[in-house]
Amino acid sequence: MLQALIFDVDGTLADTERQGHRVAFNRAFAEAGLSWAWDEALYGELLAVTGGKERMRHFIAQHHPELPLSTADLDIFIADLQAKKTRHYTDLMASGGIPARPGVIRLLKEAMTSGLRLAIATTTTPQNVDALLAASFGKDALDWFEVIGAGDVVAKKKPAPDIYQWVLAEMGLSPRVCMAFEDSENGFLSSSAAGLPTLVTVNDYTAGHDFPGALLVIDHLGEPNQALTCLSPQPWPSFDRVDVEALLRLYAMWLKQS
Ligand code: XBP
Ligand code: MG
């Protein structure tokens, strides 16, 4: 029986990358006196690397190998930039935030009413999760999630399954009684490798990604006045939004074939 829903954060709960994290990175670079600026196109490419510290390390290796820093100094340099960036991100959230994606708050509340347990499995930092939830989900939203698996709580980030495995262990659940919600190829690979059936809501950075075996690939979870579009599998019984009843149908179909 389906017991828990485990949500990714960035790109899934809210579309935080383009106007949130990317802007925060650029403000951190400026604060550090660096001329670096990640435009929307470059950021889309850099998203292939999950984790802000890992992404900056990749960017430096690719675009600024000339940086005269020893390995130890580079670690310190990146950690300092990430601290600056996290402060800028949480300030951005506090000053207006990024809205929850369509249907997310509705489904979370319906899931709680139905007795489904909720958790988060994300590559971003716990501070960023707290800031987004407080700004865009309401001050009690932090209590909705039994477990928040975030950032460096695991050594290997998505697409490795570690963060989902950590959350499952904390909840004492098998992956087969849970469902994951993701937005990106890295996230989908992570939840799938951990054995969870996964529903994907794409965004404009991930619409071209592949999600073989996903329960459903849709543009968003839908609202009564904002019907979703199903991208895969076609044809899917026509319905305008994902509610708990739809999740249970998807889960039953997945159980039968898995
Ligand atoms: C998305 C990420 C994060 C953010 C930046 O996480 O990969 O790294 O892009 O946040 P997810 P940090 O989709 O798993 O929620 O700078 O805090 O890493
Ligand atoms: Mg994501």
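Strands β1 (residues 4–7) and β2 (residues 117–122) pair in the parallel sense over four bridges, where strands are DSSP runs of E with at least two residues, helices are runs of H or I with at least four, both are numbered from the N terminus, and two strands pair if DSSP finds at least two bridges between them. This is a predicted model, in which local features need pLDDT of at least 70 and side-chain atom pairs count only at pLDDT 80 or more, while totals for chains, interfaces and linings use all residues. Residues are numbered from 1 along each chain as its sequence is written, chains are lettered from A and ligands numbered from 1 in the order in which they are written, and side-chain values use heavy atoms, with hydrogens and water left out.

Within this pairing, F7 stands opposite I120 in β2. On β3 (residues 147–150), which runs parallel to β2 and is joined to it by four bridges, the bridge partner of I120 is I148. Five of the six residues of β2 are buried, so this strand is largely enclosed by the rest of the structure; here buried means under 20% relative accessible area, exposed over 50%, and partly exposed in between, with a 1.4 Å probe and protein chains only.

Turning to the metal, the magnesium ion (ligand 2) is coordinated by D8 (OD), D10 (O) and D183 (OD), at 2.1 to 2.3 Å. Donors are N, O and S atoms within 2.8 Å of the metal (3.2 Å for Na, K and Ca), and since water is not among the atoms, sites may look incomplete. Along the chain these donors follow the spacing D-x1-D-x172-D, and both D8 and D10 are buried.

In helix α9 (residues 244–257), the buried residues are V244, A246, L247, L250, Y251 and W254. They cover an arc of only 155° around the axis, which puts them on the same side of α9, the arc being that of the directions from the helix axis to the C-beta atoms. What covers them includes β1, α5, β4, β5 and β6.

Another buried residue is Q82, which lies in helix α4 (residues 71–94) and counts as buried because its relative accessibility is 9%. Leaving aside neighbours within four places in sequence, Q82 is in contact (heavy atoms within 4.5 Å) with F25, G52, K53, M56 and T125.

As for confidence, pLDDT is the predictor's confidence in each residue, from 0 to 100, and the chain averages 96, with 99% of the residues scoring at least 70.

Definitions and conventions: The expected span of a helix is 1.5 Å times one less than its number of residues.
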